[in-house]
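I opened this entry to record what I looked up, step by step. The notes are in the order I made them.

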Amino acid sequence: GYLDRRSAKTQGNREMAVLSIVWSKARMWGMTDLHWPAAGVKGWKNPEKARTFEVTDALFEALYAAGDSVLQDALDIATATGMRLTDVRTVRMPSDGKLRFTAEKTGKWAYFEVAQSPVLTELIERRGKMSCVMLLCTSTGRQVTESMLRTRYDNAREKAACANPLLADDLRAMYLRDSRKRAADLAEDSASATALLQHSNAGLVSKHYRTKATQLKAVR
């Protein structure tokens, strides 16, 4: 009944997933001995389709040009490394030429050789010497918070939309987290994209992240 009445069908599925976790915790704590009502019921979720939005060069360049230095640095980190936004904000300055991080969501650790990335190399040169230990920071050396990044993105997206009427609809439909999709699309192939995003499921990456069209070659 909840899903039938919920206007945002995909979001309704997410909310039901949260309620399922709450119910399981309640069972663990002895607050109920009843099973989750949807357990064993097939097809109770609303149908979903993978979002196939592609961050094209034109969209990215329009947004990048409209952003301030903090947003531009964040976009550079995200699209060069494929990091999630939390990791983009909290990754520390490189040491010994390596940009090391532990993914906040999965706990997986990895590193990038800075010298192998022109984007990261240029970003660190722009950054200069500041007291902030985080790679992403403001011009005054403050660590960038989630709200600071969100505000900058929303402002830049609207500014870019107003300046580019032909791209306006697509720009307004673009999320900040789509930077991770762009990183996947920039990878050489699906295997490279899967490794970059630190996913174990190549099919999931192809379905949800690597969204650009596959180039085929005519046989005659």
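Leaving aside its neighbours within four places in sequence, which residues is Met83 in contact with? I listed Ile77, Ala78, Val88, Val91, Leu99, Phe101, Phe112 and Arg180. I noted beside the list that the model is predicted.

**Entry: the core**

I then looked up the largest nonpolar core, which has 36 residues. Met83, Leu99, Leu171 and Met174 are the members that touch the most others in this core. I also checked which elements supply at least two residues each: helix H3 (57–66), H4, strand S1 (98–102), helix H6 (118–127), helix H7 (146–163) and helix H8 (168–172). There is a second, separate core of six residues, and I wrote down Ala184, Ala193, Leu197 and Val205 as among them. My background note reads that nonpolar side chains in soluble globular proteins tend to be buried together.

**Entry: H4 and H9**

Next I looked at helix H4 (residues 69–81) and helix H9 (residues 178–186). Their axes come within 7 Å and cross at roughly 45°. The crossing of H4 past H9 is right-handed. On the H4 side I found Leu75, Ala78 and Thr79 in the contact, and on the H9 side Ser179, Arg182, Ala183 and Leu186. I sorted these residues into four nonpolar, two polar and one charged.

**Entry: H4 and H7**

How do the axes of H4 and H7 cross, and within what distance do they come? I noted a crossing at roughly 100°, with the axes coming within 9 Å. H4 and H7 are therefore roughly perpendicular to each other, as 65 to 115 degrees is the range for that word. Val70, Leu71 and Ala74 in H4 meet Leu149, Arg152, Tyr153 and Ala156 in H7. For this contact I counted six nonpolar residues, no polar ones and one charged.

**Entry: the whole chain**

Last, I looked at the protein chain as a whole. I found eleven helices and two strands. Along the sequence the pattern is α-α-α-α-α-β-β-α-α-α-α-α-α. The C-alpha trace spans about 60 × 55 × 40 Å along its principal axes. Of the 220 residues, 35% are buried. I also looked up contacts between residues at least 6 apart in sequence, and 53% of these join residues at least 24 apart.

Key:
Residues are numbered from 1 along each chain as its sequence is written. This is a predicted model: local features need pLDDT of at least 70, side-chain atom pairs count only at pLDDT 80 or more; totals for chains, interfaces and linings use all residues. Side-chain values use heavy atoms; hydrogens and water are left out. Axes are lines fitted to C-alpha atoms, for helices over the stretch in contact, and angles run from 0 to 180 degrees between N-to-C directions. Helices (H or I, at least four residues) and strands (E, at least two) are DSSP runs, numbered from the N terminus. A crossing is left-handed if the near helix is turned anticlockwise from the far one by less than a right angle, and right-handed if clockwise. Contact means heavy atoms within 4.5 Å. Ala, Val, Leu, Ile, Met, Phe, Trp, Tyr, Cys and Pro count as nonpolar, Asp, Glu, Lys and Arg as charged, and the others, Gly among them, as polar. A nonpolar core is a set of buried Ala, Val, Leu, Ile, Met, Phe, Trp, Tyr and Cys residues joined through side-chain atoms within 4.5 Å. Buried means under 20% relative accessible area, exposed over 50%, partly exposed in between (1.4 Å probe, protein chains only). Angles under 35 degrees count as roughly parallel, over 145 as roughly antiparallel, 65 to 115 as roughly perpendicular and the rest as oblique.
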